[in-house]
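Hi everyone, thanks for coming. I'd like to walk you through one structure today, so please have a look at it first.

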Amino acid sequence: MIGLLKGLKTTLKAFFTKPVTVIYPYRKMEVAPRGQGLIRLRMKQVGADPEYKCVACGICAKNCPQQCITVKKKQDEKQPEVYQVDYSMCIFCRICIDSCPFDALEQTQEYEWVSETREYFTRDKEDLAMSGAIEEVEEKE
Amino acid sequence: MIWWQVLLWALLKLVIAVGFIFITALVLIYMLRKVMGHMQYRMGPRHHGPHGVFQTIFDAVKLLGKENIIPRDVDKWPYLWAPVIVFVPSLTIFAFLPFAENIVATNIEISLFFVFAILGISSISLIMAGWGSNNKYALLGGLRSAAQMMSYEIPLILSTVGVVIMAGSMNLTEIVRAQQNIYYIVPQALGFFIFMTSALAELNHTPFDIPEAESEIVAGFNIEYSGFRFASFFLAEFVNLFIVCALATLLFLGGWHPFTNPVYGVLFFLFKTYILIFITMWIRSTFPRFRIDQFMNFGWKVLLPLSLANIFVTGAVVLIVDNIRGL
């Protein structure tokens, strides 16, 4: 019986406490500094134009458990011609980031992406490079 | 000239009663969602209207607009009439509840007895719903609900016998008048506890809501009902909650007691009723539910003997006190 009354007291105290709800579209919770969202291709600065660090070796595509990355390159080139990630299948496991030997991928903090069409979720290399606000540019050698 | 005036007056009272019932059901549903939300560290509805007050109306309109599905092999008459019959006791009992000194639609000498007699009809509608749905889970839910309601009606009614002995009458208005000196919750604390517990079981309310538990038996007898028929069961549950809390207020908490002015009397009566409803929702947000055999045990082996003991002790004390006074 005492346990029942203790339970009632807990609920009553909770009734008078301020709720912990964050009213989502109007206020947002702070995201952790480590990225949890979409994957992004990193850029590097060599000479005048920024380039992708990615050399289109295809390791990320082979290791992806969902097989959602498509990588194609022309012969004798060191930049990917086609690099597509299908986000309707991606599970954000970070295997592609961990397995890249050139450190060419990173994860952003973008988590708000909705659309009415399925085509939106296939991101090309341009979208992947430009997504998010910050673009890392490094000097090489 | 006079007969149509009588008819019009009766119709007006009917419209007021039905309107009051529906508004009460809507208010109670909103209150439940808000109270339960705040007790769980979250808010209830927020968007429609200030603090979400129009949410229930929009829900009701949404349920009205759903497709009218009748599964193929249902038993037509029980299936179709169960949502109608579930409302009948609720509407009828409103005719006998006094809200203030002379504000009662019909005042008969045995109104308490009549109220309990009609309240028993609601269990038949659940059996109809469970049987007519052609679904074994609905049947299980309906039969469990019927068993639960029938077994808890006995302690419910017997716990009020103590009040009747002390008040000397079954007329609800007389019972409230007899509580001038002391509200009956004090001498009849055990009776009040038994009444509230049996009432929660009678209404299929947590912690006794196995027949319609959403996570256990997938909504029990409600499972094949959609749209307005479901809304009908849902509203009837909340109207019955109001009725039972109103009865508890009249029998144990003194009804409208200090105020004989009708307006203040009605408001104070409603205030007390809403306090009891808040306590019901508080219990609903706190406790897990009983297993069916646990609460049948509780009803027959604990509440029934306690209520009989309550009658025995009350009768003995009243007899002794009357004899002492007579001496």
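This is a predicted model: local features need pLDDT of at least 70, side-chain atom pairs count only at pLDDT 80 or more; totals for chains, interfaces and linings use all residues.

Residues are numbered from 1 along each chain as its sequence is written, while chains are lettered from A and ligands numbered from 1 in the order in which they are written.

Let's start with helix H5 of chain B, residues 111–119; helices here are DSSP runs of H or I, at least four residues, numbered from the N terminus. Its buried residues are B:Ser111, B:Leu112, B:Val115 and B:Leu119, buried meaning 20 or more other C-beta atoms, placed from the backbone, within 10 Å of a residue's own. They fall within an arc of 105° seen down the axis of H5(B), so they line one face of the helix; the arc is that of the directions from the helix axis to the C-beta atoms.

Now the pair. H7(B) and helix H9 of chain B, residues 189–202, pack at an angle of about 155°, with axes 8 Å apart. Axes are lines fitted to C-alpha atoms over the stretch in contact, and angles run from 0 to 180 degrees between N-to-C directions. That makes H7(B) roughly antiparallel to H9(B) (over 145 degrees).

And the chains? Their contact takes 10 residues from chain A and 10 residues from chain B, counting C-beta atoms, placed from the backbone, within 7 Å. On the chain A side, six are nonpolar, four polar and none charged. Here Ala, Val, Leu, Ile, Met, Phe, Trp, Tyr, Cys and Pro count as nonpolar, Asp, Glu, Lys and Arg as charged, and the others, Gly among them, as polar.

Notes. A residue is buried if 20 or more other C-beta atoms lie within 10 Å of its own, exposed if 12 or fewer, and partly exposed in between; C-beta atoms are placed from the backbone. Helices (H or I, at least four residues) and strands (E, at least two) are DSSP runs, numbered from the N terminus. Angles under 35 degrees count as roughly parallel, over 145 as roughly antiparallel, 65 to 115 as roughly perpendicular and the rest as oblique. Two residues are in contact if their C-beta atoms, placed from the backbone, lie within 7 Å.
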